[in-house]
Amino acid sequence: MNFDAIVLAGGRSSRLGGEPKSGLEIGGRTLLDLALDATARARRTVVVGPPTPLPNGVLTTREDPPFGGPASAIAAGIGALAAAGAGTDTETGTESSGTPSDFTLLLACDLPHANQAVDALLSAPAPENDGAVAVDSEGRRQHLLGLYRTASIAAAVRERGSDIHGMSVRALVESLDLTERAVPPGSTADIDTWIDAETFGITPPSNTKECP
């Protein structure tokens, strides 16, 4: 299965007092590092968020305007992947065919154990509909942990046009026919608050207060 990946790493982190989630560390590695590990098999990966040092070959972009919400970030990521696919390989000097990957993996950067869920998504047969989305142990869809048919998610973005600013991912993909995939328990656990962070051994700054 060939796929590209979009890692969302540009939220306000308001419930963490503005501390960027992507830079939180577990065992000496940032959440962004762990997200990039989970996307290692992608043909191309783009990180949507503020400028930050990235491994060679990883693309970066930003939704316009910044903090426009996850759906807007997905649109920016799709645009960056399309532009990269139509460009020239800087190492070989050869023109890309411009052919997009069949699927696009969407992944939020605040999921420390996302690699387990991504493995489950990739080990299953390729979905024949619009994609496959992870479902946690309580039966809830995790739309930012899903493998979407590229043509389908790109069409959903185009259909929303300028209305995509501030839109939720649930609203963006509501018209898509998605297969639900059960993933390992704990693999969808995210970090939204300092209480969440502490469960992963992340100690909040001493001057930080839990935001409501």
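Modeller: Glutamate 174 sits in the loop between helix 5 (169-173) and strand 9 (178-182). Here helices (H or I, at least four residues) and strands (E, at least two) are DSSP runs, numbered from the N terminus. Glutamate 174 is exposed, with a relative accessible area of 63%. The cut-offs are these: buried means under 20% relative accessible area, exposed means over 50%, and partly exposed lies in between (1.4 Å probe, protein chains only). Along the chain, glutamate 174 and alanine 156 are 18 residues apart. Their C-alpha atoms are separated by 9.1 Å.

Residues are numbered from 1 along each chain as its sequence is written, and side-chain values use heavy atoms, with hydrogens and water left out. This is a predicted model, where local features need pLDDT of at least 70 and side-chain atom pairs count only at pLDDT 80 or more, while totals for chains, interfaces and linings use all residues.

Now for other loops. The loop between strand 5 (59-61) and helix 2 (70-85) holds proline 65. A cis peptide bond joins aspartate 64 to proline 65, with omega about 0°. Phenylalanine 67 is in the loop between strand 5 and helix 2 as well. Its phi is near 60°, a positive value in a residue other than glycine. Phenylalanine 67 is partly exposed, at 36% relative accessibility.

Serine 13 also has a positive phi, near 55°, and is not a glycine. Its place is the loop between strand 1 and strand 2. Is serine 13 buried or exposed? Serine 13 is buried, with a relative accessible area of 11%.

Next, the charged pairs. A salt bridge is a side-chain nitrogen of Lys or Arg within 4 Å of a carboxyl oxygen of Asp or Glu. By this rule there are 11 salt bridges. One of them joins lysine 21 to aspartate 110, with the closest N and O atoms 2.9 Å apart. Lysine 21 lies in the loop between strand 1 (3-8) and strand 2 (25-26), and aspartate 110 lies in the loop between strand 6 (103-108) and helix 3 (114-123), so the pair ties together parts that are 89 residues apart in sequence. Lysine 21 and aspartate 110 are both buried.

Glutamate 63 pairs with arginine 62 in another salt bridge, at 3.4 Å between the closest N and O atoms. Glutamate 63 is buried, at 4% relative accessible area. Arginine 62 is partly exposed, at 24%.

Glutamate 138 forms a salt bridge with arginine 140, and here the closest N and O atoms are 3.1 Å apart. Glutamate 138 is exposed, at 61% relative accessibility. Arginine 140 is partly exposed, at 47%. Elsewhere, salt bridges link Asp4, Arg43 and Arg44 in a network.

Last, a helix. Helix 1 (residues 31-38) is mostly covered, with six of its eight residues buried. Which residues of helix 1 are buried? They are Leu31, Leu32, Leu34, Ala35, Leu36 and Ala38. Strand 1, strand 2, strand 3 (29-30), strand 4 (45-48), strand 6 and helix 3 are among what covers these buried residues. The cover is judged by contact, meaning heavy atoms within 4.5 Å. An α-helix has 3.6 residues a turn, so residues three or four places apart point the same way.
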